[in-house]
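Please examine the sequence and the structure shown here before reading on.

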Amino acid sequence: MAKKLDLNKTVFELTEQYPELIDIMAKLGFTEITKKPVLHSVGKIMTIPKGAKMKNISMMDVVTSLVANGFELIGDMPDIKIPDAPAAPAAVPLSDDRTEQLKSYLRRLGVGEDLESVRADFVRDFGEVDAAEIMKAEQELMKEGTPLSEVQRLCDIHSALFHGATREEQIANAEKAVEESLQRQKIQAELAKRDSYPKKDYSDKNVKAAALEQIAGHPLHTLTKENEALSVLLEQYKSTHDGSLIPQIRELSIHYAKKGDLLYPLLKVKYGVSGPSDVMWTVDDEIRDELGALDKETERGSEWHARMEAVLKRAEEMIYKEQNILFPICAVNFEEDEWRGIYRDSKDYADCFGVSSEAWEAVEETAAPVKEAVSGEIVLPGGHMTLEQLTALLNTIPMEITFVDAENINRFFNEGSKVFKRPGMAIDREVFSCHPPKIEPMVRQIIDDFRTGRRDSVPVWMEKGGRSMLVKYMAVRDRAGKYLGTVELVQDMEFAKEHFAGENK
């Protein structure tokens with residue numbers, strides 16, 4: 001009995017139903033499917049046709065491989081439409097005559113007839129063919145007695161016969177041309193934007209950075225002290241291989257988080273310096289993740305030690321890059337009020353490597369700037385409150401709340417201690433600039449699904465600091481259904497685990 005595979009279901013749902021699908025899809029080019037975090041996040045919003053479009057993988061190859069592996073495909077094979085793209089060919093009806101003709105070509109290949117001879121007849125009789133037609137022809141051949149192993153053996157020959165003639169490939173070629181044009185336009189716009197940033201003099205960048213590093217409590221003073229402490233830890237580990245030092249070394253995740261939240265986005269968004277955000281941020285994540293993975297492993301043989309040596313070498317190199325590249329660039333670009341904002345935001349982060357943040361006296365002596373409040377009451381459909389009451393209410397809700405408007409700009413974070421840090425300086429900044437490069441595509445996909453109405457919410461369960469967390473993204477719409485933005489709600493779910501564990505005692 002054929003295994004029915006619904007193309008309307010998400011990749012996650014299908015792999016839960018058919019685990020063997022992971023290897024099949026990986027061989028087709030969907031390599032990220034083997035990574036559980038990706039499968040459990042992006043996989044919950046991605047279908048096979050949508051994924052094939054994003055990865056530029058022919059649906060013809062996908063359908064042929066799935067059928068060869070014993071699947072019967074059901075559900076819609078959606079047409080892919082891009083504004084201003086050349087019109088896609090009209091869907092071809094699955095008539096019995098066309099199916100019989102396609103079966104005749106496949107039978108001729110099965111008995112060993114020359115591919116080009118069969119292809120010449122196919123091109124003469126068919127202007128195009130739909131992947132669903134090919135699937136139907138192959139399925140009927142199997143119902144008539146053709147062994148599955150024979151269809152699998154001829155899979156590549158079938159693909160060669162129809163190559164370039166399927167509607168999916170024709171649509172993909174049209175889309176590729178449009179995407180290349182859009183990419184050129186994007187590059188031109190990026191170059192124009194880069195030219196609009198004020199030119200900076202970097203001739204004395206190291207001198208400026210050194211001066212700021214000498215100011216007690218200044219962010220560069222603290223970050224430099226952290227690097228010095230980390231360097232000592234790395235040297236100690238290299239000479240002793242003392243495993244008890246690893247938890248301290250892993251505190252570099254705090255140091256990296258401050259860079260990722262407070263330095264990289266400001267450089268990229270306001271000053272057009274995208275290199276650190278695009279490159280160093282990714283390396284930070286790789287170092288942090290590799291250290292975490294190594295710390296969890298119990299077997300610590302020669303391979304483990306080689307990996308540890310390699311990742312600590314990368315951490316050493318990052319220290320050098322920060323002190324000689326990142327910090328001097330920041331020293332040239334950032335204004336005094338921005339450094340003050342970074343100093344205030346950095347108080348929300350834990351100490352690392354035993355380095356305690358010192359007070360920056362010049363900032364402590366002045367009050368933090370406060371945005372001008374609107375006086376009077378705020379009238380809402382359900383009642384009315386003062387601004388003070390509304391603020392207190394939002395801060396009392398036991399969740400971390402982030403609101404991103406319809407233009408993808410961060411507009412609001414509620415106050416209070418947070419597991420996922422939300423620097424005040426990120427307000428009025430594009431939300432995508434606040435995420436590491438490897439996460440940005442998923443964030444864009446979620447918001448695009450909300451904007452187009454394909455989804456209304458995306459829940460993501462994760463472990464953070466040994467606690468179960470629920471991060472829920474939800475589309476914010478008005479009564480007419482118009483998209484107004486996205487809200488992110490982060491909730492610590494340990495209370496629920498404790499409650500139900502108590503009931504089961």
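## Basis and overview

The structure is a predicted model, in which local features need pLDDT of at least 70 and side-chain atom pairs count only at pLDDT 80 or more, while totals for chains, interfaces and linings use all residues. Residues are numbered from 1 along each chain as its sequence is written, and side-chain values use heavy atoms, with hydrogens and water left out.

The protein contains 22 helices and 9 strands. These elements are DSSP runs, numbered from the N terminus: helices are H or I runs of at least four residues, and strands are E runs of at least two. Of the 505 residues, 41% are buried. Here buried means under 20% relative accessible area and exposed means over 50%, with partly exposed in between, using a 1.4 Å probe and protein chains only. Among contacts with a separation of 6 or more, 65% join residues 24 or more positions apart; a contact means heavy atoms within 4.5 Å.

Helix H2 spans residues 21–28, and its buried residues are Leu21, Ile24, Met25 and Leu28. These four lie on the same side of H2 because they cover an arc of only 90° around the axis, the arc being that of the directions from the helix axis to the C-beta atoms. An α-helix has 3.6 residues a turn, so residues three or four places apart point the same way. Asp23 and Lys27, on the other side of H2, are exposed.

The buried residues of H2 pack against several elements: strand E1 (3–6), helix H1 (11–17), helix H4 (48–55), helix H5 (59–68) and strand E2 (71–74). Just after the helix, Gly29 takes a positive phi of about 120°.

Two packed helices are described by the angle between their axes and the distance between the axes. In this model, axes are lines fitted to C-alpha atoms, for helices over the stretch in contact, and angles run from 0 to 180 degrees between N-to-C directions. A crossing is left-handed if the near helix is turned anticlockwise from the far one by less than a right angle, and right-handed if clockwise. The table sets out two pairs.

| Helix pair | Axes come within | Crossing angle |
|---|---|---|
| H2 and H5 | 11 Å | roughly 145° |
| H15 and H17 | 12 Å | roughly 35° |

The crossing of H2 and H5 is right-handed. In this contact, Leu21, Ile24 and Leu28 of H2 meet Asp61, Val62, Ser65 and Leu66 of H5. By class, the residues of the contact of H2 with H5 are 5 nonpolar, 1 polar and 1 charged. In this classification Ala, Val, Leu, Ile, Met, Phe, Trp, Tyr, Cys and Pro are nonpolar, Asp, Glu, Lys and Arg are charged, and the others, Gly among them, are polar.

Helices H15 (residues 252–271) and H17 (residues 302–333) form the second pair, and their crossing is left-handed. The contact includes Leu252, His255 and Tyr256 of H15, together with Ala315, Met318 and Glu322 of H17. The contact of H15 with H17 has 12 nonpolar, 2 polar and 2 charged residues.

## The five-stranded sheet

Strands of a sheet pair through backbone hydrogen bonds, either parallel or antiparallel. An open sheet of 5 strands has the order E6-E5-E9-E8-E7, with antiparallel pairing; two strands pair if DSSP finds at least two bridges between them. Its edge strands are E6 and E7 (457–464), each of which pairs on one side only. The twist averages 15° from one strand to the next.

Strand E5 (residues 400–405) is mostly covered, with 5 of its 6 residues buried. E5 pairs with strand E9 (residues 483–492) over 6 antiparallel bridges, and Val404 stands opposite Thr486 in E9. Towards strand E6 (residues 410–413), E5 has 3 bridges, again antiparallel. The bridge partners in E6 include Phe412 for Phe403 and Phe413 for Thr402. The hairpin of E5 and E6 has 4 residues between the strands, and in this hairpin Asn408 takes a positive phi near 70°.

## Two buried residues

Is Ala137 buried or exposed? Ala137, in helix H8 (residues 131–143), counts as buried because its relative accessibility is 0%. Leaving aside neighbours within four places in sequence, Ala137 is in contact with Thr99, Leu102, Lys103 and Leu106. Ala137 and Glu100 are 37 residues apart in sequence, and their C-alpha atoms are 7.3 Å apart in space.

His218 lies in the loop between helix H12 (205–213) and helix H13 (219–240). His218 also counts as buried, because its relative accessibility is 0%. Apart from neighbours within four places in sequence, His218 is in contact with Leu212, Trp339 and Trp360.
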